[in-house]
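Please have the sequence and the model at hand.

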Amino acid sequence: MNVPMRAVVIEQFGEPKDVLTVAERPVPEPGPGEVRIATTLAPIHNHDLAIIRGIYGYRPELPAVPGTEAVGRIDALGTGVTGLEVGQRVTVSGVQGAWAEYFVAKAGGVVPVPDSVSDATASQLLAMPLSALMLLEDLNVEAGQWITINAANGAVGRLLNLLARARGVHVLNLVRSAAAAKSLRELGFEPVLDTESDDWQQRAAELTGGEPIVRAVDQVSGPAANDLLSLLGPRGELVTFGALSGQPMLLNPGPIIFKQAVVKGFWGSKRAEEIGGEERRRLITELVTLAARGVLDLTVETAYPLEEAAEAAAASERPGRNAKIALSASALSGQ
């Protein structure tokens with residue numbers, strides 16, 4: 001293809017609102033074992049923004065086209081690709097350059113999705129749901145036990161609720177505003193506590209009926225991590241999943257020592273590598289099946305055109321949001 005495509009580009013690392021621009025780029029050609037995908041919809045994840053800021057686990061070479069997950073249709077096949085067809089609707093995660101009209105992906109990582117699954121669900125079917133499912137399995141909790149998660153109104157929090165419920169695990173949801181708490185309750189995810197209220201820690205003990213919280217998932221870092229540590233029962237585990245605050249974890253050593261607590265990290269992309277292809281396929285099949293049945297229904301709050309990527313990135317970090325912000329490769333986006 002000789003016609004250039006539109007793509008979101010960063011020339012330097014920094015705040016997304018300052019460094020995201022749209023430019024014309026050559027349409028990429030798929031290499032051996034790769035496919036080219038015409039992008040339909042691509043969500044904005046927290047790790048996308050961390051990559052743009054240059055604070056993620058890796059830094060792409062600059063200039064770079066961000067975007068790690070999308071749904072679209074196969075536009076071209078590289079040599080040696082079998083089992084896939086041009087025009088086939090697919091979703092893929094763990095790629096680079098999805099915030100563009102076209103991008104390439106390894107054929108082995110592409111997952112066909114039935115038409116019964118909406119673009120909104122398909123566009124975010126792998127990264128966060130798979131991470132949430134792997135996280136829940138790694139937490140190693142039993143039916144009837146309690147876990148807690150902060151920033152619970154985000155994608156991972158809502159997904160963890162959904163998957164934990166199916167296994168009979170109780171989730172104490174923590175958010176940072178009354179508006180976010182209200183929105184989460186409206187979605188049916190109870191119990192919910194606003195950590196900006198004065199008595200939230202006392203209420204946490206009441207809501208769990210005195211039962212110990214055996215696992216805590218921190219997505220905020222900073223002082224919020226220590227708040228979770230204070231909620232943990234003896235020999236509980238604090239799992240750090242993200243750092244929305246942009247701050248280092250601040251932990252009181254007392255509870256770690258006297259509760260004999262464990263603090264550890266979770267990185268979804270690394271865990272996906274570690275569990276192996278067969279286990280990964282099993283989990284992805286479970287997610288696609290849930291999506292096709294309508295059990296796993298993920299929404300997009302607003303889809304912005306590529307030209308408004310900076311505005312979209314800012315919208316994705318506004319508090320109180322209960323659905324993803326996404327980028328649409330078509331000239332006119334749906335709201």
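In what order do the six strands of the open sheet lie, and is the pairing parallel or antiparallel? The order is 10-9-8-11-12-13, and the pairing is parallel. Strand 10 (192-194) and strand 13 (262-265) are the edge strands, each pairing on one side only. On average, neighbouring strands of this sheet are turned by 20° against each other, direction ignored.

This is a predicted model, in which local features need pLDDT of at least 70 and side-chain atom pairs count only at pLDDT 80 or more, while totals for chains, interfaces and linings use all residues. Residues are numbered from 1 along each chain as its sequence is written, and side-chain values use heavy atoms, with hydrogens and water left out. Helices (H or I, at least four residues) and strands (E, at least two) are DSSP runs, numbered from the N terminus; two strands pair if DSSP finds at least two bridges between them.

| Strands | Bridges | A pair of bridge partners |
|---|---|---|
| Strand 8 (146-149) and strand 11 (213-218) | Four | Thr-148 and Ala-216 |
| Strand 12 and strand 13 | Four | Val-239 and Lys-264 |

Helix 6 (residues 178-186) touches strand 9 (170-175) and strand 10, and its direction makes about 170° with that of strand 10. Helix 8 (residues 223-231) lies across strand 8, strand 9, strand 11 and strand 12 (232-240), running at about 150° to strand 12. Such angles run from 0 to 180 degrees between N-to-C directions, with axes fitted to C-alpha atoms, for helices over the stretch in contact. Strand 11, helix 8 and strand 12 make a right-handed β-α-β unit: with the strands pointing away from the viewer, the path from the first strand over the helix to the second runs clockwise.

The largest nonpolar core has 51 residues, and Leu-135 and Leu-296 have the most contacts inside it. A nonpolar core is a set of buried Ala, Val, Leu, Ile, Met, Phe, Trp, Tyr and Cys residues joined through side-chain atoms within 4.5 Å, where buried means under 20% relative accessible area (1.4 Å probe, protein chains only). Among the elements that give two or more residues to this core are helix 4 (127-139), helix 5 (155-166) and helix 11 (276-292). Helix 4 provides the largest share, nine residues. Leaving aside neighbours within four places in sequence, Leu-296 is in contact with residues including Leu-125, Leu-159 and Leu-287; contact means heavy atoms within 4.5 Å. A second, separate core of 32 residues includes Val-8, Ile-74, Ala-313 and Ile-325.

Terms used. Buried < 20%, exposed > 50% of the residue type's maximum accessible area, 1.4 Å probe, protein only.
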